[in-house]
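Hi,

Here is the structure I promised to pass along. Have a look at it first, and then read on for what turned up.

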Amino acid sequence: MTIPLWIIVTTTMATILLAIKARSSGPKNVEEWAVGGRKLGQLFVLFLLAGEIYTVFTFLGATGFAYSHGVAVYYILSYCAIAYSISYFLLPPIWRYGKKHGIFTQPQFLAHRYDSLTLGRLTTCLGVVALVPYTVIQLRGLGVIVYEVSESRVSYNLAVYLGGTVMALYVMISGLRGSTYVAVVKDIAVLFVVIFIGLYIPIHYYGSVSTMFQSIDADKTDIMSFGPENKTIAWYISSVIVTSLGFLMAPQIFLTIFSSSGENNIKRNAIILPLYTLMLLFVFFVGFAAISQVPGLQGRESDLVLFRVVKQVFPSSMLGLIGAVGILMALVPGSIIIMTTASLISSGISDLSRKQVSSKSELLMSQILVPVISLSCCYLATSYSGTMVTIQLIGYGLATQLVWVVVAAAFPGSPYFTSAGASCGIVAGVAVSSCISLGIISPDILWAQVSPSLAQIDGGVIALVVNLIVAVSVTKLGRRRRSISEAALPDRMGSPVIP
Amino acid sequence: MKLKWLAVAPAIGLLFGTPLLNKISYSLFGLPIILVWEVLCTIATSLILLLIYKREQKIPVREEAEKKDTEGNSV
């Protein structure tokens, strides 16, 4: 084995040991296992939430995006900052409700709030389907890194299956606690590595960061501004809106916030996390530096830009270190996502059977589901050949459609939508968003006829608007029908029952 | 509390301010102005949320203090 490969293997082994050590006395029920008994302190939740941004997708994808679209990559900073300010107001009421009613998944929350098992089942299915692409992306990123770092000695498929096994191990042994301990180590390592390479690489090539920007400006002006040759302004605004709304709707975010020991922790994290995202700047710098240093990478290859640059600049031991950090960035979020999927399915099944399932057997069911889910995702990651961005778009597009329903449910009082309205809105939004991401509908042609400046508007905008219109009209229709039937029966002792 | 609406300001700055700075090639501290703007808005987001948080934390404490005061007076 080569030195970089040794570094990766040792790091992975060490994190498995750490995950085993994190196991306190063995979880007794799903709540203990999936949300750490709601006892995680602020720092742990911070690292878990931060882990959702610093995944392998951002590590490889953000450098690739900065490399191929220049200035457009700043949209990541924008949507993160906006999403965190939304989280400050949106998440504490959800956390409070979850604690009061012993809820730890997103479908449970919605089913409880709208008093509708149908909505719960719908969102369970949606959540499971949306989470698969998230996992596949982490596995694919991991496979690519191992393949690159090992100089193709380890095959991509083998790397994916090994990675999937390690993810399953973390959570089967010690649940969320295991992933949390590894998350802390991972984030500290990421912080150092990212700042170091983000400053070193521009200085190595150009002498300083500002000369790098001057030289890009002189060489390629169109990449450093929005416009028809690059991403348009319409693309920027619409993508930031859709992504910042959808960011908090991912089912694993709910799991993470329910693990928090208090609502002030969530608020304090919302304050710190925007500053933490500034670390992404250094990732962008690597991508910018690569524009003229490793020219010619296109499409899927642009995801490899980070490793191409690192191989050019650093000795092989540094390559191993960066590879190890990249792998941790895949393992931690991947394990949390797999665990979320397992708890969604097991709590969904126990709701369906309507029988009181003992907490012990629900836990066992979740733990058995973990390797099943992980292996199926490995299979998908090795057989599906689409680009990382397409996979991400499908998953994100689905989860984003929950935004209106969740926002309406987060605030006290009965939610604005009826459960029928909520379900119909979600179904309509998901249908539109899937058609767009699979390329069945292409809104770009439509926009181009209205005005060329509207080109590249994010398809999610249309899906969200359709979703809202359907949800509101079904709700209004349902209320009107009910009020008519109530008017027809005036003698029935009915003060209007709010659903 | 009206203060919380202040949190909208950096969001608007990020959404609509960034496109306005497009094609302005002026640079500040050696960084393109559009990047400096993004960073400033992100920092502003944190600061405004911190301000709101501090205010929120103060209110219940003050109410409690007033309650204690009145109790103390009555005794």
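How many residues of chain B are in contact with chain A, and how many of chain A with chain B? Before the answer, please keep in mind that this is a predicted model. On the chain B side there are 27 such residues, and on the chain A side there are 31. Between them, the two chains bury about 2600 Å², and carbon and sulfur atoms give 74% of that area. Three residues of chain B stand out here: Leu15(B), Leu49(B) and Tyr53(B) supply 21% of what chain B buries against chain A, more than any other three residues.

Now to chain A itself, and a pair of helices in it. Helix 3 (residues 42-53) of chain A packs against helix 12 (residues 263-277) of chain A, with the axes 10 Å apart and an angle of about 45 degrees between them. Because of that angle, helix 3 of chain A counts as oblique to helix 12 of chain A. The crossing of these two helices is right-handed. Helix 3 of chain A brings Gln42(A), Val45(A), Leu46(A), Phe47(A), Leu49(A), Ala50(A) and Ile53(A) to the contact, while helix 12 of chain A brings Asn265(A), Arg268(A), Asn269(A), Ile272(A), Leu273(A), Tyr276(A) and Thr277(A). By type, the contact residues are nine nonpolar, four polar and one charged.

One more helix for your notes: helix 11 (residues 251-258) of chain A is mostly covered, with eight of its eight residues buried. Among them are Pro251(A), Gln252(A), Phe254(A) and Thr256(A).

Happy browsing, and best wishes

How values were computed
Residues are numbered from 1 along each chain as its sequence is written. Chains are lettered from A and ligands numbered from 1 in the order in which they are written. This is a predicted model: local features need pLDDT of at least 70, side-chain atom pairs count only at pLDDT 80 or more; totals for chains, interfaces and linings use all residues. Side-chain values use heavy atoms; hydrogens and water are left out. Axes are lines fitted to C-alpha atoms, for helices over the stretch in contact, and angles run from 0 to 180 degrees between N-to-C directions. Helices (H or I, at least four residues) and strands (E, at least two) are DSSP runs, numbered from the N terminus. Angles under 35 degrees count as roughly parallel, over 145 as roughly antiparallel, 65 to 115 as roughly perpendicular and the rest as oblique. A crossing is left-handed if the near helix is turned anticlockwise from the far one by less than a right angle, and right-handed if clockwise. Contact means heavy atoms within 4.5 Å. Ala, Val, Leu, Ile, Met, Phe, Trp, Tyr, Cys and Pro count as nonpolar, Asp, Glu, Lys and Arg as charged, and the others, Gly among them, as polar. Buried means under 20% relative accessible area, exposed over 50%, partly exposed in between (1.4 Å probe, protein chains only). Buried area is the accessible area (1.4 Å probe) that two parts lose on being put together, summed over both.
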